[in-house]
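Please keep the sequence and the model in view while reading.

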Amino acid sequence: MSLNSRKDLQARFRRGKSVRERFVESHLGKGIAFQLRATRDRKGWSQDRLAAESGMTQNAISRLESAEYGKPTITTLRRLAAAMDVGLIVRFVPFSELADWISGTPRVNMGLSADTIAIPSFPEEEEQQGRAIIKCLTQDAEEKVDQETRISTLPRSGQGSLEELQSRGEVFESRERQPQAVTSQFAIGNTSNTSLGVAGGLQ
């Protein structure tokens with residue numbers, strides 16, 4: 001899924017609490033069912049083999065791999081994880097993280113901390129994001145005003161002495177204009193004539 005689909009998910013979540021509740025239920029059922037079957041296929045196991053390894057029946061495995069019928073408990077998931085020798089994570093997440101997970105949007109996992117354990121509700125997360133946006137806009141506006149203020153204090157052309165400009169750091173160095181050597185055509189002509197006279201005298 002693309003970044004646009006993430007925006008679609010966020011828009012869908014904003015439709016209401018009941019919409020979010022149904023989405024979580026649907027995703028949980030489909031996610032577990034598809035992942036269970038994909039992991040079993042990766043190991044090359046049949047449903048009978050997984051049932052034997054987990055101490056369950058083949059019919060129970062078949063139902064768990066069905067998004068419509070499977071309703072696994074945490075105890076069942078632990079048994080399946082142990083049978084397939086994989087880890088298991090069961091935790092609450094903010095809806096923004098759920099949207100990132102489904103859409104494949106990269107996200108930095110901060111690990112276990114006080115902030116990540118206490119999960120904000122969807123309205124709380126929306127409010128936090130709104131405050132963050134306002135803060136960024138305010139900082140941008142302040143930086144723009146500060147820049148315009150600095151520009152307005154710069155002297156106009158022809159105003160301010162050299163000492164004043166140097167004191168404000170607006171003139172970093174002063175260079176004296178070096179006189180340029182000028183060779184007149186007359187001098188060149190004299191040199192040429194002299195050279196010719198010498199050459200003539202030698203003949």
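This is a predicted model: local features need pLDDT of at least 70, side-chain atom pairs count only at pLDDT 80 or more; totals for chains, interfaces and linings use all residues.

The buried residues are F95, S96, E97, L98, A99, D100, I102 and S103. Just after helix 6, G104 adopts a positive phi of about 75°.

**Helix 3 and helix 5**

Another part of the model brings two helices together. The axes of helix 3 (residues 47–54) and helix 5 (residues 74–84) come within 8 Å and cross at roughly 105°. Because angles of 65 to 115 degrees count as roughly perpendicular, helix 3 is roughly perpendicular to helix 5. On the side of helix 3, the contact involves L50, E53 and S54, which meet R79, L80, A83 and M84 of helix 5. The residues of this contact comprise four nonpolar, one polar and two charged.

**The nonpolar cores**

The largest nonpolar core has 10 residues, namely L36, W45, L50, A51, M56, I61, L64, L80, A83 and M84. At least two residues of this core come from each of helix 3, helix 4 (58–64) and helix 5. Helix 5 gives the most, with three residues. L36 is one of the core residues; leaving aside neighbours within four places in sequence, L36 is in contact with L50, L64, E65, L80 and M84. Apart from this core lies another, of eight residues, among them L9, F23, L98 and A99.

R12 is found in helix 1 (residues 3–13). Is R12 buried, partly exposed or exposed? With a relative accessible area of 36%, R12 is partly exposed, because that class lies between the limits of 20% for buried and 50% for exposed. R12 and F23 are 11 residues apart along the chain, and their C-alpha atoms are separated by 9.2 Å.

| Helix | Residues |
|---|---|
| Helix 1 | residues 3–13 |
| Helix 3 | residues 47–54 |
| Helix 4 | residues 58–64 |
| Helix 5 | residues 74–84 |

Conventions:
Residues are numbered from 1 along each chain as its sequence is written. Side-chain values use heavy atoms; hydrogens and water are left out. Axes are lines fitted to C-alpha atoms, for helices over the stretch in contact, and angles run from 0 to 180 degrees between N-to-C directions. Helices (H or I, at least four residues) and strands (E, at least two) are DSSP runs, numbered from the N terminus. Angles under 35 degrees count as roughly parallel, over 145 as roughly antiparallel, 65 to 115 as roughly perpendicular and the rest as oblique. Contact means heavy atoms within 4.5 Å. Ala, Val, Leu, Ile, Met, Phe, Trp, Tyr, Cys and Pro count as nonpolar, Asp, Glu, Lys and Arg as charged, and the others, Gly among them, as polar. Buried means under 20% relative accessible area, exposed over 50%, partly exposed in between (1.4 Å probe, protein chains only). A nonpolar core is a set of buried Ala, Val, Leu, Ile, Met, Phe, Trp, Tyr and Cys residues joined through side-chain atoms within 4.5 Å.
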